Amino acid sequence: MSENNLSIGNRKDSRFFRSAAFLTLSLEALGVVFGDIGTSPLYTMRVCFGGEYGLAVTRDNILGIISLIFWSLMVTVTIKYLLFILRADNNGEGGVLALMALCGSKLSKKRGFLVIFLGLFGAALLYGDGVITPAISVLSAVEGFGIYAPKLHHFIVPIAVAVLLVLFMFQKKGTAGVGKVFGPIMVLWFITIGFFGLRAVIDDPEILAAVNPYYAVSFFLNNGPASFLVLGAVFLSVTGAEALYADIGHFGKNPIKFNWFFLVFPSLILNYFGQGANLLMDPKAASNPFYHLVPQPLLLPMVVLSTVAAIIASQAIISGAFSITRQASQLGYLPRVSIVHTSEKERGQIYVPSVNWILMIVTVALVLIFKNSDHLAAAYGIAVTATMLITTFLYFEITSRVWKWNPFLSVFLTAVFIIPDSAFFLANIVKVEKGGYLPLIIGVLLFNVMSTWNKGRKLLLSKLQESSLTWDQLAGSIQDTNIHRVSRTAVFLSGNPKGVPVALLHNFKHNLVIHETVITLSIVTTDEPRVRNKDERLEVKEVGPHIYSVIARYGFMETPDVPKLLDLLPSRGIVIEKDKTTYFLGRETLVPGRGKGLRFWEKPLFAFLSKNATSATAYFNLPANKVVELGALITI
């Protein structure tokens, strides 16, 4: 074979493996990213024509609703998120906190405060979505059993609760093992709902006229102010759009775009149009338009498939809550939490036990209280619409302040996005009294927790700095004191990269000894998801004879591992024996006092959060039998 032919063959092989890897990644992304928006057809049309809205099942109303759903998916998901928002990644990571970190450092102090406020509130609202999505998805799917066998209607809530309990209990197993089957199941799901929708469209192709936005406008003109409120139900068709942006760090932009344009979007459109066509032929199908598309012999298998798809949708939201928790903790807005990595290969697959059990309790309580998906729909939407509005604002900050776009272009694009976002938000805000208060309460509570923790940590750090010494002062004290240096290595963890750790001062003051090798280690979280340049990971400075100040930088998507970090020190000229190393931690006992900085109700909250935070030993993966804690009493 000639050299040219060999070169061509290698290029073909390379393209083949790249294509195979891309398709594999796309399949995995399908099983995680699109579960929420992919299961929306289960309940969107039913809520529009039933429950509190009770639209008359007329030709004009059917065409109007289908037109609104089509253009909502087109403008909000396809144009806003897929074509624009996905470009605003923070070194490959997405989500409202990543967006906040990306633009926060580029703004003035006043504007930066507003960005941080909105970013934190948006993240807090996503927890509200995290408890409602599993409840409404699983309930909507299980309600199909009531259609298949009406006698099973009374068992819908117990079945839904059982499914949710199993779902949350198996979170500790991680998605590494079951993730491989999620993608194929979602492929089957989208092909199936698209097929059933296509059958109905073929039977009554008149529904295709709904592509014309005239019918959406006509719907508003014909129904008056009541039509605006129906937008709260139409919005259910786009819930899950935030997941497309939040999960780009796990799969990349191209697999998400590929899935949306070639499978997800066509399948959703076919199913919604099919439901509309079926309603044109049989208005009685409004009781459950999704399941009435399915022939009776296939109804039970479809209910089972819907339940599995709902579980997958719930899995994606729960995993998102875990990721948000890790980001917030690393950025200093939540206390340390125990994080379990469930896969050695996929860094994004984590399990946060405390968050999992809280989500489980609240989600099961919602099912028991609201009892059906129509009632839950009233609570659904406010958190997501508010987060979408916040995302639009932060995107404007990036285009205008960070990317330095033409001001007219930034304002025009923001207006295009904010008009439907605002309409959806206002249509949902009227549902506060009927259950929409729930995600708002969750959001407000968690926002206060995050802001209190951040303020409290800054106040605590300033108090520790007041009683701390500089390295020059410590060096002078060592020279003036008959100090004894003992063998072995001591690592002192410190939250203040500039001063001497309080634990080191206490050890020096009470024991009058300093170890032969002393390392003070400060973990600093950057505004980037990950520190990719290994040379930027460590900053080492010798501040005294065999006394080293080490600053370790981690991205907000990384979890520090101190023992592994010490393996990098020999390359910086610090040779230690890890089995002869002792780790010293400062443990502060907080006592609420009359000091300024925290409001009266924030002081006991901060003290409670500090007391219940995961120990530094567990969080930094320190060997428990080599850790010494030195306490301090601090009044806040």
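In which sense do strands S4 and S6 pair, and over how many bridges? The points below take up this question and others on the model.

1. Basis of the model. The structure is a predicted model, in which local features need pLDDT of at least 70, side-chain atom pairs count only at pLDDT 80 or more, and totals for chains, interfaces and linings use all residues. Residues are numbered from 1 along each chain as its sequence is written, and side-chain values use heavy atoms, with hydrogens and water left out.

2. Confidence. The pLDDT (the predictor's confidence in each residue, from 0 to 100) has a mean of 83 for the protein, and 89% of the residues reach 70 or more. Over residues 5–14 the pLDDT is below 50, and this stretch has one contact in the model beyond near neighbours in sequence; contact here means heavy atoms within 4.5 Å. Where pLDDT is low, the predicted coordinates should not be read in detail.

3. Overall content. The protein holds 25 helices and eight strands; helices (H or I, at least four residues) and strands (E, at least two) are DSSP runs, numbered from the N terminus. Of the 636 residues, 54% are buried, where buried means under 20% relative accessible area, exposed over 50%, and partly exposed in between (1.4 Å probe, protein chains only). Among contacts between residues at least 6 apart in sequence, 83% join residues at least 24 apart.

4. Strand S6 and its partners. Strands S4 (residues 513–525) and S6 pair in the parallel sense over eight bridges; two strands pair if DSSP finds at least two bridges between them. Ile-523 has Ala-552 of S6 as its bridge partner. Strand S5 (residues 538–544) pairs with S6 in the antiparallel sense over six bridges, and Val-540 stands opposite Val-550 in S6. The hairpin of S5 and S6 has two residues between the strands, and His-546 there takes a positive phi near 60 degrees. Strand S6 (residues 547–554) is mostly covered, with seven of its eight residues buried.

5. Helix H14. This helix has 29 residues and reaches 40 Å from its first C-alpha to its last, close to the 42 Å expected at 1.5 Å a residue; the expected span is 1.5 Å times one less than the number of residues. A kink of about 50 degrees is centred on Trp-260, the bend at a residue being the angle between axes fitted to the seven residues ending there and the seven starting there.

6. Gln-275. This residue lies in H14 (residues 253–281) and counts as buried because its relative accessibility is 1%. Leaving aside neighbours within four places in sequence, Gln-275 is in contact with Pro-41, Met-45, Pro-289, Phe-290 and Leu-293. A polar atom of the Gln-275 side chain lies 3.2 Å from the backbone oxygen of Pro-41. Gln-275 and Phe-196 are 79 residues apart in sequence, and their C-alpha atoms are 9.0 Å apart in space.

7. Ser-410 lies in H19 (residues 407–429) and, at 1% relative accessibility, counts as buried. Not counting residues up to four places away in sequence, Ser-410 touches Phe-396, Thr-399, Ser-400 and Trp-405. Lys-404 lies in the loop between helix H18 (382–402) and H19. Lys-404 counts as exposed because its relative accessibility is 63%, and it has a positive phi of about 60 degrees although it is not a glycine.

8. Asn-621. This residue is found in the loop between helix H25 (616–619) and strand S8 (627–635). Asn-621 has a positive phi of about 60 degrees although it is not a glycine, and at 44% relative accessibility it counts as partly exposed.

Note on methods. Polar contact = N/O pair within 3.5 Å; in protein donor to acceptor, adjacent residues only side chain to side chain.
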